[in-house]
Amino acid sequence: MSEKSDLTKVTPPKELSDEECWAVFQRLSRRLASFRNTAELYATTEASLAKSEAASRMKDAFVHALNTWAQETLKNIWYACREPGGGAPPSLDPLADTSTAGLPPLPPQEHLARLLHTILLLHVTSSKDYSSRTRAFLFSIGPVDEEVIAATLKNPQRAIEEAGKKTEAAKEEHAQRNKMLRMVGMGVGAVAGGVLIGVTGGLAAPAVGTGVSTVLGWLGVGGTAVGMLATGLAGSSVVCGALFGAYGSKKTAAVIGEYTREVRDLAIKPVREPKETMAVKLCVTGWLGSPEDVTAPWTVLGGDDTFALQWEVEALQKLSNALRDLVKAQVMKYVKGQIIKRTVLAALFSALSPTAWLKITKIIDNPWIHARTLAVKTGKVLGTLLSERVLGNRPITLVGYSLGSLVIFEALQHLASLPPAQTLGLVQDVYLFGSPLSTDRTQWAAVRRVVAGRVVNGYGRNDYILAILARVTGMNWGVAGLEPVEVQGVENVACDQVDGHLKWRGMIGQCLAQCGAPGVDDAEVKRQLERKASKIGEEMDMTEEEANRAVSAGPGPDPDVNIA
């Protein structure tokens, strides 16, 4: 990553004229106003659904925190765009124009990227934090190379040196051109606005905090941005400590240890060696065929540092065994056979006798209820850990399936109860699959308020196992893992290839790709489908002939399972 450390990649391009910078500022400020308004709309939706004074106060507190963030972001955009118009930074009016119709287009990608990098560097160095709101907003404008920012923060000396080399090369090029022009009798004056202005002598590894201001001047950076960037780079070690957290340190272990009285088995495991990326993913598995399943499903995710939450391994292994026993039971074969014969789930369940339901309950009731109770407790602990920034002051994306989704949902409910100023920029995206959760609009609206980016509900309409688990445990309301959640801002993605709950384990990569989740490794997804999904399919799938035999046999006694 160190080869990306270069100030020329994180400073505004000199090629842009003042008029072009003003056009960029106008477009970005209007996009920011629209982004802010959408977030406020989600908070308003939650308050209107909750219909309580507490919800109204929470909305007001959220809007205040949101406006504070938006105003700081607008300032950073203004600084990056060379303070168009001069004077004091402008304010973001609640009624600001959000239309970009008729505005000049954004500059070419290579120039836009440098502006976005400048905005991001100003943000993280001034706040010692990388807000999920800032990340979601900047990525909605265009691609951002976060490795450039991370490399610059980790090695500012190299960034300055690399910029110096390019400046020296440009200086030499200008000198050669001037010499040639003088030779033909034309001559030139000073290169106004060019790299020659203020250049005296060469670069000799300038020290961070002293030479950086000079280099920034050579690069054409002026105004307030010079002081902010110079100060930020001089204190980059503090910024890095805040951003990347102290994963694996005694402090982190102590924070987690404080909560093991509520949850006996809790740990955060890296899926692969962390690289201290600017953002992080945390994934939660719903059951465990083996202890390796804590991390194994999530190798499909690349890019950002990816961790997995290990929780209640023993209970989740017992649940896995119970789910497999359930699938093998004759009553479930009968249910599967009826589904293949196009029987509607609701009608099928109504037709099942009390004896059939008793058989199902005997197999699954205790392991599922126990694991579900532990998931709720674990979620509350996870919410506390997230609020403590256990993985650093950087945006976090949460991904889970089955009871893992329940853990995440409970964590988000906890975050929604905290002061918005504490949680506004914490969570970026959330992807939940096969969730044994209510479709209750008020709860989902609270989650939607907390999350800066996407909230995705991946559901399988044909997941007959989840339907039965919901029925057995008294979930008479809508189940998010089986149907859409009707809340503004929640994206519902039908993953109908998952026609049985156990299949989420082998198809989670495919479903993430289907949702357009960033960082999905196509090769790993293919490997997961070939190695895991196909094996699970062999255990669960039925041919038409097998379905006919299962239906003919009825939901009668199963000799393979002891239900006494």
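Predicted model: local features only at pLDDT ≥ 70, side-chain atom pairs only at ≥ 80, totals over all residues.

Trainee: Which residues touch the most other members of the largest nonpolar core?

Mentor: As a general idea, nonpolar side chains in soluble globular proteins tend to be buried together. Here the largest nonpolar core has 110 residues, and those touching the most other members are Trp 298, Trp 311, Ile 364, Leu 412, Phe 433, Trp 444 and Leu 512. Helix 14 (residues 354-387) supplies the largest share of this core, 13 residues. A second, separate core of 50 residues includes Leu 74, Ile 77, Phe 137 and Val 144.

Trainee: At what angle do helix 15 and helix 17 pack?

Mentor: Helix 15 (residues 403-417) and helix 17 (residues 441-450) have axes 9 Å apart and pack at an angle of about 70°; they are therefore roughly perpendicular to each other. In this contact, Phe 409, Leu 412, Gln 413, Leu 415 and Ala 416 of helix 15 meet Gln 443, Trp 444, Ala 446, Val 447, Arg 449 and Val 450 of helix 17, a set that divides into 8 nonpolar, 2 polar and 1 charged.

Trainee: Which strands stand at the edges of the sheet?

Mentor: Strands of a sheet pair through backbone hydrogen bonds, either parallel or antiparallel. In this open sheet, 7 strands follow the order 1-3-2-4-5-6-7 with mixed pairing. Strand 1 (266-270) and strand 7 (490-494) stand at the edges, each with a single partner strand, so one side of each has no neighbour in the sheet.

How values were computed. Residues numbered from 1 in each chain as written. Heavy atoms only, no water. Core = buried A, V, L, I, M, F, W, Y, C linked by side-chain atoms within 4.5 Å. Buried < 20%, exposed > 50% of the residue type's maximum accessible area, 1.4 Å probe, protein only. Helix = DSSP H or I, 4+ residues; strand = E, 2+ residues; numbered from the N terminus. Axes fitted to C-alpha atoms, helices over the stretch in contact; angles between N-to-C directions. Parallel < 35°, antiparallel > 145°, perpendicular 65-115°, else oblique. Contact = heavy atoms within 4.5 Å. Nonpolar A, V, L, I, M, F, W, Y, C, P; charged D, E, K, R; others polar. Pairing = 2+ DSSP bridges.
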